[in-house]
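Hello,

Here is the structure I promised to pass on. My notes on surface charge and aromatic contacts follow it.

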Amino acid sequence: MFLALREIRRARLRFGLLAGAIGLLVFLLLFQLTLLNSLLDAFTGALENQSGEIVVYSEDARLSLEGSLVQPDQLEAVAGVDGVAASGPLGVNTFTVTAGGTQQDAALFGYELDGPGEPTTLTDGRLPERDGEGVAPAADAEDGYAIGDVIELAGGAVTIEIVGVADDIQYSVQPTVFVSWPTYEAASTAVNPNARAVLASVVVAQPAEGRDAAEVAEAIDGAVEGVEAVTRQAAVDESPGVTSVSQSFQVIFLLLYVVVTLVAGFFFLIVTVQKLDALVLLRAVGAPPGYLVRSLLVQVGIVAVAGVLLGVGLAVGVLAGVSAAVPSAELFVIPSFGPTAQAALLVLVLVVAASAVSVRRVLKADPADAVGKATFGGLG
């Protein structure tokens, strides 16, 4: 320990630069992680943060909300499956609305007010209690979706008063309003007067108490023809586009982890090679290999921890600063503890693993080499 700390004190700049490099890589990693989570929330937040634990699509929809239409008899059949405590329609569609004095696209999520499908992340206001009321994303409040604002559809034929706002309920990266099923029907009929009926996009269901959602979804698949039932999390994970986005970011994460490993590995290898003569001399005067290895690992640990703490602090500070300066910037959300801890732990493991080559060089230091080195007064 004494040897390791003394060497760090004598080469503060060298070890500080490595800690800074690791910190910068950790910051980039956490920034990309935040960006990924925020993008996925903007794509599927409304689906993930609604109360139905089971989502039932039409069989040919490929788990696409807007590509699914469930027939009335299928809706009734789902309600009668053993293990289903409650179920109801969920309609999803994109409409041109007037909000904040401008025309823009917004998604409507229509559900039965006494059934599953309501938003679960309400932050202010209340849930709809009657037709013509809705809950909108808190991030879009400044764009005409604040509590008390009224949005219009079909030239004012349908109006929706915002009575609550919730976090992370966007769908397809656009404002999303949760409304009653009759309000959704009225909006659909207003833009398409020739429609003979308004069908649900999916059925959302709650499993009975004590029943596993995945098992009940399998039971629905077996009992109802022409549908595909999955858990809410599976519906989110397998939504169109989510897999490709996640895979793209996984490549970036992999490259960052590789760079962290290479930077740390080469640094400690170079340092070890530069002080190899000193290590040989220490071995010659009786320093055991374990002592030298422990000194190296202490240095690795100090640099890794310092780098991770620097990176996490930088990420939290920068993201918090951007969020404060741009309140509507939903992409800049401080990463949650779980993903941050996992990323930090993996970086620590990789840095320690990267020192394996340096440890091997330390263990190969032969005290007999001191006799053959002229710089040590040897015979060579």
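Arg6, Arg9, Arg10 and Arg12 gather in a positive surface patch. Patches take residues with over 30% relative accessible area and no salt bridge, with like charges joined within 9 Å. A salt bridge is a side-chain nitrogen of Lys or Arg within 4 Å of a carboxyl oxygen of Asp or Glu. Helix 1 (residues 2-10) gives the most to this patch, three residues. Helices are DSSP runs of H or I, at least four residues; strands are runs of E, at least two. Arg6 lies in helix 1 and is partly exposed at 37% relative accessibility. Buried means under 20%, exposed over 50%, partly exposed in between (1.4 Å probe, protein chains only).

This is a predicted model: local features need pLDDT of at least 70, side-chain atom pairs 80 or more, while totals for chains, interfaces and linings use all residues. Numbering runs from 1 along each chain as its sequence is written, and side-chain values use heavy atoms, without hydrogens or water.

Glu59, Asp60, Asp212, Glu215, Glu218, Asp221 and Glu225 form a negative patch. Glu59 sits in the loop between strand 1 (54-58) and helix 3 (72-79), exposed at 55%.

The whole structure holds nine aromatic pairs. Ring centres must lie within 6.5 Å; planes under 30 degrees apart are stacked, over 60 edge-to-face, the rest tilted. Phe15 and Phe267 are edge-to-face, 5.6 Å between centres and 75° between planes. They link helix 2 (residues 12-48) to helix 7 (residues 242-274), 252 residues apart. Phe15 is buried at 4%, Phe267 at 16%.

Best wishes

Terms used
Patches are made of residues with over 30% relative accessible area and no salt bridge: like charges are joined within 9 Å, nonpolar side chains (Val, Leu, Ile, Met, Phe, Trp, Tyr) within 5 Å. Accessible areas come from the Shrake-Rupley method with a 1.4 Å probe; for residues, only the protein chains shown count as cover. Lys and Arg count as positive and Asp and Glu as negative; His and the chain ends are not counted. The place of a charge is taken as NZ of Lys, CZ of Arg, CG of Asp or CD of Glu. Rings of Phe, Tyr and Trp (its six-membered ring) pair if their centres lie within 6.5 Å; planes under 30 degrees apart count as stacked, over 60 as edge-to-face and the rest as tilted.
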